[in-house]
Amino acid sequence: MTASARRAFAPRMLIAPSFVLALFIIAYPFFDIARMSVYHVSRFGILGGFAGLANFRRIFADPVFIATVWRTLVWTGAVVSGTILVSLPVSLVLNENFHGQGLARTLVMLPWSVSLTMSAIVWLWSFDANHGMINATLQSIGVLRQPVQWMARASTAFPIEILVGILVSVPFVVTIFLGGLSSIPSDIYEAARIDGAGRVQQFWRLTLPLLRPFISLAVVLNVIYVFNSFPIIWVMTQGGPAEGTQILVTYLYELAFRLGRPGEAAAVSLAMLAILMVFTTIYVRMQMRSAEP
Amino acid sequence: MRILALPPEAPPMLRRLTSGLRRAALGAGALGVAAFAPQIARAATVHVTVAYYSAATGPYFKQMAAAFEKTHPGTTIKIDVVNWNNLQQVLQTDVSGGVPPDISIIGTRWLLSFVKDGIAEPLDSFMTPAFRNRFIPVFLKPGEIGGKVYGLPIAASARALFYNKTLLTKAGFPNGPKTWNDVIAAAKKIKAMGAYGFGLQGKEIETDVYWYYALWSYGGHLMGANGKVAFDSAAGVKALTLYKTMVDQGLTEPGVTNYTREDLQNLFKQGRLGMVITAPFLIGQIAKEAPKLAYGIVPVPTGTVQSTYAVTDSIVMFKASKVKKQAWQFLDFLFTKDNRVLFNKNEGFLPTTRAVAADPYFQDNKQLQVFVNLLPKAHFAPVIRGWENVAKAVIDAVQSVYLGKAQPAAALKTAATSADRALAQ
């Protein structure tokens, strides 16, 4: 063994244990899912014969799956962009020095400390047609004359779910943005003021460009979280009525555990992985390209 | 070995984990430390998973376990109470993890999958003729597959129409509606009084069943002789059109796709709903929660024929069980008269054994007799593999019709195609 080979050998040996562990944790479930997706699998996970691509063909032939893919993209896009749009001004305000700043920060972070399932249940109750506070409030201030059955149709239920999704995602993104804002040196604002830049100009020319890496981070992480987020939709509508609020992860759960088709569910989960990978690759590429001067 | 023993309340996940460890330890024992083996095998523990029917379910089974342990020293019964909505998933994960319970309550409609996958143990070798004779034959039938008994009917119910006496008397039907035309006429009057006429379920489990009531009442069938679905028939269209018309005329509660069976029962208990079709357990709930409510029970309204839906839940033994003898003794114990009477009284189910049916409590119970009398005309859910897929397709279809997104005939055609495709797999 030459000296240079030995030098390369030692560090590899040092990372080997954690590499093997990571490989095991990531690779085993992945291998298991990939195997299930090409087999006939019974309700109880017993592998039958080799199915080739039959599971994939079946889900792609299912009109519900196709509609669900589009709805998932709408869900992810709406929740992530909504979250960013809400979080930006909120974190700008929270970054200012004002009386009660600590309290305000705590209040914004609060939804984060409540489990997603619990938040979803509370909102479901709030939108209850007969006893919910939303209908009660709207009726008492005269906006509504009849109670609205919010969860009875997808056209009202799905936007509500998106709003709840935004609400629970805001704290995480605000945290990222506050970190980003505190990393921007204050003297550049001073210089800009001396050069005659107004607050709006400061925001567009300084804050936003300097926050960009943090916005990218927030977008990528949130897309992954929201795309895979199960509790809100499952608790509020279970993907119904008439599949009108189904997203891929609820569809997958239903296939696996309600309808007893784990093979197809495995195929859906691989499709989800592919969609996320494609998105992340494109997004990261775009960011890297536009970050170059 | 002791270290690996878990308290009875240990969640299945943990149990699964330790059972793996235990297996590993047993393997090690077989290799060298065989002397320890007898110690492990001595005491038998029977794991029993039961479905949550009501707040009384858990205490009832724990009481049974304690009574059984007293007369069977050395046997421990561990009861796991699982919510209906999660039961299928829990069993599915337990079985695929290799640690099913020894006995479990399941929906009889799942039984075929259990049998086809070789998970359920046939019970015939345990059953004496006298034991078999305890049951009312119609209830033993659904647990029989390929000539063997795999599931014993632990719970049975049928459906009938509950009506609010105050509202229906004002509407001119003091003895309840008999036909769908009666239902419509009464609902119109009730609507004018400011209450909801006919409760129509449009959400979650059994949304499909609520439509089968009407389908069967027009002489329709779920499955045809050719093994394909048959609900997209003229009777089916008629039944769905009937419901849709009621929705459109405001004769149901508003926003039907927002109402589960429990929501409807709650409306009924509050006195805001004129009529609802449901199971006998509502009797017990009303007695407890709305004792002043004046109500009556009549058969499911007729279109052209009288019919109802009957359901049984089965208790099964798992093939993987290592304590089948003790498990069977516990089953035998559960199906003795007094234990069954107590269970049926607690939960409001129909008797499944002759001795219980002959008990004065059930003989003199006029309300329950309405359900019992309907049994000869009852339909059971078909025993076919993948039934959930058919139910799901029907739920999607009726929901889209209630929401005005599809026409009855077209929606049923679509559902039939997708159900047949799922069944063919």
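Reader: At what angle do the axes of α11 (residues 234–248) and α19 (residues 387–402) of chain B cross?
Author: This is a predicted model, where local features need pLDDT of at least 70, side-chain atom pairs count only at pLDDT 80 or more, and totals for chains, interfaces and linings use all residues. Residues are numbered from 1 along each chain as its sequence is written, chains are lettered from A, and side-chain values use heavy atoms, without hydrogens or water. Helices are DSSP runs (H or I, at least four residues) numbered from the N terminus, with axes fitted to C-alpha atoms over the stretch in contact and angles running from 0 to 180 degrees between N-to-C directions. The two axes come within 9 Å, and they cross at roughly 35°.

Reader: Which residues of α19(B) make the contact with α11(B)?
Author: Contact here means heavy atoms within 4.5 Å. From α11(B) come Leu240(B), Tyr243(B), Lys244(B) and Val247(B); their partners on α19(B) are Val398(B), Val401(B) and Tyr402(B).

Reader: How is chain B divided, and how far apart do the C-alpha centres of domain 1 and domain 2 lie?
Author: An automatic or database assignment sets the bounds. Domain 1 takes 43–156 + 314–372, and domain 2 takes 158–310 + 379–424. Their C-alpha centres lie apart by 29 Å.

Reader: Which residue forms a salt bridge with Asp117(B)?
Author: A salt bridge needs a side-chain nitrogen of Lys or Arg within 4 Å of a carboxyl oxygen of Asp or Glu. Between domain 1 and domain 2 of chain B the count is one. With closest N and O atoms 3.3 Å apart, the partner of Asp117(B) is Arg385(B).

Definitions and conventions. Helix = DSSP H or I, 4+ residues; strand = E, 2+ residues; numbered from the N terminus.
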